[in-house]
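Please look over the structure below before reading on. The paragraphs after it go from the whole chain to single residues.

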Amino acid sequence: VLQVPFTQISYPGLSPDGKWIAFPAADANGKWDIYYMHSQEGDPKRITNDSSDFIQQVADISPDGSRIVYNRINQRSNKFDLIVISSLGGNGKTIAEGGVLARWSPDSRRVGYMKGGSNQYLSESGKYEFWTVGADGQDNRLEFVDTVGVFRQARFSWCFSPDGASVGWIRTNDRAFQSIIIHNLATGEERFLVGGDERMDDISWTSNGEIIYSSNKSGNTNLWTIPANGGSPRQITKGSGPDIGMKVSADGRSLLYLQQQRIGNVWLGSLKTGSAKQITFDERQISNPMISPDGRMVAFVMADPDPLKVGSGIYVMNRDGGDRRRITPEREIATFALWSPDGKRIAYRYTEFTDSTTAVEIRVIDALNPGTPKTIARDSILGLWGWINDNTIVCATFQPITRSYLVSVDDTVRKQLMGDSMLAKPLLGGSYLAYTDFRDTANIRYDIRKVAGKTLEELLRGPAASITPVFSGNPGSISRLSMPWVSWTFYDDFSDFIGVWKNGTEMWKYNFVTGKEVKLAAQFPGFRQGMTGGLTADGTELVYADQRLSAKLVMIENMFK
């Protein structure tokens, strides 16, 4: 285990001689940068000056050892940029936009990267795409489209072959299992190597013709190796892991990998006193806490800290952490719980994997006496925005076209809200509507308007096939920083938002209806931009989860000795 003074670390890079390491890490304030250090002597040096609040996915050292490529979120576009910087530090250069998993070609002349299903690196094809770009940012081109792999719950990765002629490609099937495919860049021919009934994370191709990959084939997520020409896989590491994010030196002697768990606990903070109290103490992945409308209970999502172990449940507990219980069935993949305004029911997203398909559902369950959940929407509904009353939910889909919907819980009546390529979120029970208009991608609009005439509930029950409200007054502009679906923590009525804003450390409260901004004295531990959580109905308390990583860098030497 390498002596690194960080616990939040992401995917590392390794120099050709195995002596130098580059890695993204977060400091005590949660600011991510790229660090560079000697593998034996330690003492990492920060080489970037563009600190980010987001996890930077990778840092890859060029085969000539002179440069590092890494991902960074662009705060203006909300997309990942690919940045190249000298190994000595300085100012980086953006060479491409909207891509992830940037890695060098063996000759150091080009950088390969992926586009896929997230808005931060969205592909035009609706599939995973592999691109390369010159190290100077010129000649950016699409190499191939993965027309077979799927997005949902997908893990993805890739690596160049030692001669740069092929890539090893991790592909996800419709059961959320992964396989390794060898793709020839010149001919497009593909060859299956291994997988199909296991979950994988990362991949690396060694100079002696081995492919090392991360898999949960043994139950835990460990490292395995298999000859690139085919053969039987052999296990390299054992233990609880999870072992992911590996790189191999050019001579094949040194293997660097990342052990990384995702951890979170629930905190309850007072906006009056500025203090916060931790109310869970689990070494588990806890996220998306929401406090009940009466302020007495908290619902949250809990999963295994191993990212390859699929499965999560909705839990509820008292506000002091007591009487905790799971309310969704075991072996479900349940995420993002939202209380109904009366506090009696909880809506959540459910994902189901079968041998032939992946289904995403919006389900509703009784919060106090859970029984069988009720499915109110299936397949195309991917986003759950909240309730506008005790019986009506706001949903959205993002693929292949962004659309918003209102759905009735009791009789599952569903109608599209606004037009295609529009993402709408009702505020204050539907009396206002905040929406993003993506129809003109060069001029995306963010507006908020007051609903006049018939209510959204009346329009849902009306004869029209879709819902287009009548508005009063002029649209009010919503800035990119204050968009609720970008960086703000919200209560279910989507009126008041709490966010880390301005210089990235100040906490502010923003009301979307009045436009009023209030700077808060609170400095809650672990609260950062991009988190979701909930305000109490009176706006005096905030529940959130301090999601973080617990990570180590590990080196294996003379692995093939």
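**From the whole chain to single residues**

Buried residues make up 57% of the 561 residues in the protein, where buried means under 20% relative accessible area, exposed over 50%, and partly exposed in between (1.4 Å probe, protein chains only). The model is predicted, so local features need pLDDT of at least 70 and side-chain atom pairs count only at pLDDT 80 or more, while totals for chains, interfaces and linings use all residues. Residues are numbered from 1 along each chain as its sequence is written, and side-chain values use heavy atoms, with hydrogens and water left out.

The protein has 2 helices and 48 strands. Helices (H or I, at least four residues) and strands (E, at least two) are DSSP runs, numbered from the N terminus. The radius of gyration is 24 Å, close to the 24 Å that the globule rule gives for 561 residues, so the protein is as compact as a globular protein of that length. That radius is taken over C-alpha atoms, and the globule rule is 2.2 Å times the number of residues to the power 0.38. Taken along the principal axes, the C-alpha atoms fill a box of roughly 70 × 50 × 45 Å.

Contacts and surface come next. A contact means heavy atoms within 4.5 Å. Among contacts between residues at least 6 apart in sequence, 43% join residues at least 24 apart. The protein exposes about 22800 Å², and carbon and sulfur atoms supply 46% of this area. Accessible areas come from the Shrake-Rupley method with a 1.4 Å probe; for residues, only the protein chains shown count as cover.

How far apart are the mean positions of the positive and negative charges? There are 62 positive and 62 negative charges, and their mean positions are 2 Å apart. Here Lys and Arg count as positive and Asp and Glu as negative, while His and the chain ends are not counted. The place of a charge is taken as NZ of Lys, CZ of Arg, CG of Asp or CD of Glu.

A search of the whole structure finds 0 disulfides, a disulfide being a pair of cysteine sulfur atoms within 2.5 Å. Cys159 is buried, because its relative accessibility is 6%. Cys395 is buried as well, with a relative accessible area of 0%.

Strand E14 (residues 166-172) holds Gly168. Gly168 has a relative accessible area of 0% and is therefore buried. Beyond its neighbours within four places in sequence, Gly168 is in contact with Ser157, Trp158, Cys159, Ile181, Ile182, Ile203 and Trp205. Ser421 lies 253 residues from Gly168 along the chain, and their C-alpha atoms are separated by 35 Å.

Ile170 is also found in strand E14. Its relative accessible area is 2%, so Ile170 is buried. Not counting residues up to four places away in sequence, Ile170 touches several residues, including Arg155, Phe156, Ser157, Gln178 and Met200. Gly149 is 21 residues away along the chain, with 8.9 Å between its C-alpha atom and that of Ile170.

Ile346 belongs to strand E30 (residues 345-353). Is Ile346 buried or exposed? Ile346 is buried, because its relative accessible area is 0%. Leaving aside neighbours within four places in sequence, its contacts include Ala299, Ile314, Trp339, Ala367 and Trp387. Ile346 and Ala367 are 21 residues apart in sequence and 5.8 Å apart in space, C-alpha to C-alpha.

Arg319 sits in the loop between strand E27 (312-318) and strand E28 (325-326). Its relative accessibility is 29%, so Arg319 counts as partly exposed. Among its contacts, leaving aside neighbours within four places in sequence, are Leu268, Ile279, Met297 and Glu541. Arg319 and Trp267 are 52 residues apart in sequence, and their C-alpha atoms are 9.7 Å apart.

The last topic is backbone geometry. Most residues other than glycine have a negative phi, and most peptide bonds are trans. A cis peptide bond joins Gly241 and Pro242, with omega about -5°. Pro242 lies in the loop between strand E20 (234-235) and strand E21 (243-248).

Asn288, in strand E25 (residues 285-291), has a positive phi near 50°. Asn288 is buried, because its relative accessible area is 18%. Thr412 has a positive phi near 55° and is found in the loop between strand E35 (403-408) and strand E36 (414-417). The relative accessible area of Thr412 is 34%, so this residue is partly exposed.
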